[in-house]
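This briefing covers a single protein model. Please look over the sequence and the structure before reading the points below.

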Amino acid sequence: MAGASTGFGQRLGWYCAERDEERESPLPAGKRLAFAAQGERRCLGVRRAGRWLVCPYAAVLDGESAKDQCARCAQLDRSRSVAADTMADDPRPYAVYLAYFGPGLLKVGITAAERGPARLVEQGAVAYAWLGRGPLMAARRAEALLGSALAVPDRFAKAAKRAARGALPDVPERCAELAQLHAKAMELGGWPETLEPVEFAFTDHTELFGLDRVPAGAAVLGGLTVGAEVVGEVLAGVGSDVYLRLAGGDEGAVGPVGSVGAVGSVGSVGAVGAVGSVGGVGGAEGRRSGAGQAAGQGAGAGGPGPVVVMDARLLSGWVLGAATGRVTTVPVLPVRTAVPGASERGGEQEGLF
């Protein structure tokens, strides 16, 4: 279960319902984006047997929400879901992991062993180590054991993760913190007998995510509305977060080569290495306060614009066409702060297992 997370890269997933076709667009550092939201943001429906089943309600989604499904499609998805504990009979082997997001931000989780490190990459884990491998319910018991005995949470707020990325300690310090928790976990009584322990092996995602290009205190790009445009250059990608340097108004329009083509509704967007989505960000506060003027006017004042972080899940369900302007017109929200270690209690478990 050890080893580097190779073969991953952040990308947009495209889906055309009319032709039942899918494709992906890589988002490497340096790629210029210039796209506009068209029409209405629609529910993606339900994914079954490797393909999308179109939402029968053609439901319109809130542009500020990270959810890419309407309530009824989401309910259908979770009727047979490990995340919702409605698939306890899953016969696949599962792996228990410890994920590191920053000092004091360590969580425990489980993933289907066949997925390897994909789950860790989707979450934007800065580093990780495996704890054990075995049947689903044994993995669940180990996860619960760490929560009760060592107070290790099973999730963190996205704001806490983002805040930690801009001030990460050196790799040896990350490794030491993970190793210490791994050792404590292995010493616990009540470890499930059917869960095979895994020796400590550290994997870091600095190079994969481009963490050395992630600035401290990056502003947050809000949700799209019809006609809203995003124009900028990709700096880094961490889970569903895309770090962009917004274009300045004097740089000239970005031509078709740098544009996101109008292929069809965006599928599950922003997942690294696999189709999937993670986490959640709001945005109504910034729009009400008028913060949306910062992107369109501030970035156009001359020279490169600010660095912002865009939750790519907010693109899901939109039809994207080429931008016609030179600056981003999506609201730029104030930096959100979070208490280190704050967990997303009350929210749904992120993504798929």
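The points below cover a helix, a sheet, the cysteines and some backbone angles.

The model is predicted. An open sheet of seven strands is described here, along with helix α3, which spans residues 136-150. A search of the whole structure finds zero disulfides.

**Helix α3**
- Helix α3 has 15 residues and reaches 21 Å from its first C-alpha to its last, close to the 21 Å expected at 1.5 Å a residue.
- The buried residues in α3 are L136, A138, A139, R140, A142, E143, L145 and L146.
- An α-helix has 3.6 residues a turn, so residues three or four places apart point the same way.

**The seven-stranded sheet**
- The strand order is β15-β3-β12-β13-β14-β11-β16, and the pairing is mixed.
- At the edges are β15 (319-322) and β16 (332-333), each of which pairs on one side only.
- β3 (residues 32-38) pairs with β12 (residues 229-238) in the antiparallel sense, over five bridges.
- A36 stands opposite E229 of β12.
- Strands of a sheet pair through backbone hydrogen bonds, either parallel or antiparallel.
- Helix α4 (residues 158-165) lies across β11 (219-221), β12, β13 (241-246) and β14 (307-311), and runs at about 55° to β13.

**Cysteines**
- The search of the whole structure gives zero disulfides.
- C43 is in no disulfide, and the nearest cysteine sulfur, that of C55, is 3.8 Å away; a disulfide needs the sulfur atoms within 2.5 Å.
- C43 counts as buried because its relative accessibility is 8%, where the cut-off is under 20%.
- C70 is likewise in no disulfide, with the nearest cysteine sulfur, that of C73, 3.7 Å away.
- C70 has 10% relative accessibility and therefore counts as buried.

- D20 has a phi near 50°, a positive value in a residue other than glycine.
- D20 is found in the loop between β1 (11-16) and β2 (21-26), and is partly exposed, with a relative accessible area of 35%.
- A58 has a phi near 45°, also positive in a residue other than glycine.
- A58 is found in the loop between β5 (51-53) and α1 (71-78), and counts as partly exposed at 42% relative accessibility.

Terms used:
Residues are numbered from 1 along each chain as its sequence is written. This is a predicted model: local features need pLDDT of at least 70, side-chain atom pairs count only at pLDDT 80 or more; totals for chains, interfaces and linings use all residues. Side-chain values use heavy atoms; hydrogens and water are left out. Helices (H or I, at least four residues) and strands (E, at least two) are DSSP runs, numbered from the N terminus. The expected span of a helix is 1.5 Å times one less than its number of residues. Buried means under 20% relative accessible area, exposed over 50%, partly exposed in between (1.4 Å probe, protein chains only). Two strands pair if DSSP finds at least two bridges between them. Contact means heavy atoms within 4.5 Å. Axes are lines fitted to C-alpha atoms, for helices over the stretch in contact, and angles run from 0 to 180 degrees between N-to-C directions.
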